[in-house]
Amino acid sequence: MSLDIYKEIILDHYKHPRNFGHLPREGTVAQVNNPLCGDDITMELEITNNKVVDIRFHGQGCAIAIASASLLTEFAKNQKLTTLTTMNKDSMLELLSVELSPNRLKCALVSLEALQKAIKTHGLHT
Amino acid sequence: MSLATELRKDFPILSNYPDMVYFDSTATSLKPRVVIDAISHYYTHLGANIHRGIYDLSEAATEAFEETRAVVADFINANVNEVLFTRGTTESINLLIHTIGEQLVQEGDEVATTLMEHHANFVPWQQLALRKKAAFKVVTVDENADLDMSSLKAPLQKKTKLFACTYVSNVSGIVNPIADIIKTVRAINPHTIIVIDAAQAVPHISIDVAAIDCDFLAFSAHKMCGPTGVGVLYGKKSHLQTMQPFMFGGDMIAQVAIEQSTFQEPPYRFEAGTPHISGIIAFKESIKYLNNITYKAIKKHEEMLMQVLISELRKQCGASLKIIGQHSVNPRVALAAMYAEGSHPHDLADILNADHICVRAGHHCAMPLHKHFNIPASTRASLYFYNTEDEVQRFAAAFSKALRMFI
Ligand SMILES: Cc1ncc(COP(=O)(O)O)c(C=O)c1O
């Protein structure tokens, strides 16, 4: 039943996304979009000692894409880079605590892809 | 009793899913039993390939196949040798860029289309222009999503070799004043080749290529109760005769020698290889089916449904819900692409799916138009003669409930 995915927590994070906007200082930035849906998420990371010490996101998308990004930023703060690079679709589903159809799964993964892309960019610089 | 109540019985899929509200006929229409039976009849009673056999079954298959060409010609008021079969609108238009487009357009020329096109009538021309180093001009739309007739004149010049325009928009449902548009283009340059995308016109409007005076016209069977994988390209005989084939192979050949080949007369010259025989044979059944209902009756029913839809949406969803083209000065067919700030079409379509309501969410292969209005995506409900007022009520209630979850 797909209505189940629109639980309070997802609607709440969609309507009031956490860590939305830009970092106070310039960080490592990566953008990913999903051309099928028009989801477009940019992650901004401040990384110190292989840890994410601050994080923001911005962009547009459906409730699943925005809520996933919001929940992911909450989780990622103060996490080690190695923890974040090993996250996969199951970790995202766990964060969202829902089941998603293959089509909507893509929406949930846009933010993770952006986060991991930013970490990769950062890695290349050190 | 409404038109739909009787006709729904002709659609097996509707009895297989009695709970389903199918509001995605713009993507593809459902198929009546006569069409499904005709496909199956070919495989069970004809079976043979066309054009080649001397035996009875092959001749019967050829006859059934060519009969569709005559029915199509009649349907659009063309001559029978002006009707080419393709796999669909997309292939019909791509055939043109490889034939007349290739021959006609040179560096420094212009190719023009409009902002309200489906990608199938936009990207091929854009790519042709890029390849030929020709200018690519796009006629814009006004704030109502109507074609901007004053901007039509600016890009269209003597240098404009080709102008491609849709008859009906698959996003706004706007019916362009196509005969007037063609007249305007002809007045600027009588030699401009005019290509009409009629994919969304054929399900709702009867077409007369002689009256509108286009050079080419393309459409797909599957949007008008016919099979998938069957399309038509109409072309004026004088053009078809000067066009070189672009696909070579069986069926399109007159003579083959080691040094040289000669080709059949149009339309066969453009139909290389074994076509979708069963689909083309069955296609005439869908034309007969629609003619039997009459376009007049279809229009009347659709207008009634749209009136209910628009007034229910206004009542239940309020002013924050916008419909692309709702203030058009032109007539519109039975579809509505909607958007409301704060809600995303994919979420809405997903929620409606839980109620067995099928709508489309996205840009509907019309990114230039969505970008122009700064809308990332819209939710499109598209109706046909088999939809009922009751379904419209169910949709409006479910849609407004879904919207209220977000805004
Ligand atoms: C206006 C318009 N043109 C072209 C097409 C492409 O048709 P097909 O996919 O059958 O080739 C469509 C299909 O949605 C359409 O709506």
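# Close-up views of a predicted model

**Figure 1. Seven-stranded sheet of chain B.** In chain B, 7 strands make up an open sheet with mixed pairing, and their order is β2-β8-β7-β6-β5-β3-β4. The edges are held by β2 (83–86) and β4 (135–139) of chain B; each has a single partner strand, so one side of each has no neighbour in the sheet. From one strand to the next, the twist averages 20°. This view, like the others, shows a predicted model.

**Figure 2. Strands β7 and β8 of chain B, with helix α4.** Strand β7 (residues 216–220) and strand β8 (residues 231–235) of chain B run antiparallel and are joined by 5 bridges. B:Leu217 has B:Tyr234 in β8(B) as its bridge partner. Helix α4 (residues 56–76) of chain B packs on the sheet, where it touches β2, β7 and β8 of chain B. The direction of helix α4 makes about 120° with that of β2(B).

Figure 3. Is B:Asn176 buried or exposed? B:Asn176 has a relative accessible area of 3%, and a residue counts as buried under 20%, so B:Asn176 is buried. Neighbours within four places in sequence are left aside in the contacts shown here. B:Asn176 is then in contact with B:Met116, B:Leu147, B:Cys165, B:Thr166, B:Tyr167 and B:Ile181.

**Figure 4. Contact between the two domains of chain B.** Chain B is divided into domain 1 (3–30 + 295–404) and domain 2 (36–290). The C-alpha centres of the two domains of chain B lie 28 Å apart. Their contact takes 37 residues from domain 1 of chain B and 36 residues from domain 2 of chain B. The size of an interface is often given as the accessible area lost when the parts come together. Between domain 1 and domain 2 of chain B the buried area is about 3,000 Å², and carbon and sulfur atoms give 59% of this. B:Tyr295, B:Val333 and B:Leu369 supply 23% of the area that domain 1 of chain B buries against domain 2 of chain B, more than any other three residues. The count of salt bridges between domain 1 and domain 2 of chain B is 0.

**Figure 5. Contact between chain A and chain B.** Here 18 residues come from chain A and 12 residues from chain B. The area buried between chain A and chain B is about 1,300 Å², with 57% of it given by carbon and sulfur atoms. How many salt bridges are counted between chain A and chain B? The count is 2. In one salt bridge, the side chains of A:Arg104 and B:Asp350 meet at 2.4 Å, N to O.

Note on methods. Residues numbered from 1 in each chain as written. Chains lettered and ligands numbered in written order. Predicted model: local features only at pLDDT ≥ 70, side-chain atom pairs only at ≥ 80, totals over all residues. Heavy atoms only, no water. Buried < 20%, exposed > 50% of the residue type's maximum accessible area, 1.4 Å probe, protein only. Contact = heavy atoms within 4.5 Å. Domains from an automatic or database assignment. Buried area = accessible area lost by both parts, 1.4 Å probe. Salt bridge = Lys/Arg side-chain N within 4 Å of Asp/Glu carboxyl O. Pairing = 2+ DSSP bridges. Helix = DSSP H or I, 4+ residues; strand = E, 2+ residues; numbered from the N terminus. Axes fitted to C-alpha atoms, helices over the stretch in contact; angles between N-to-C directions.
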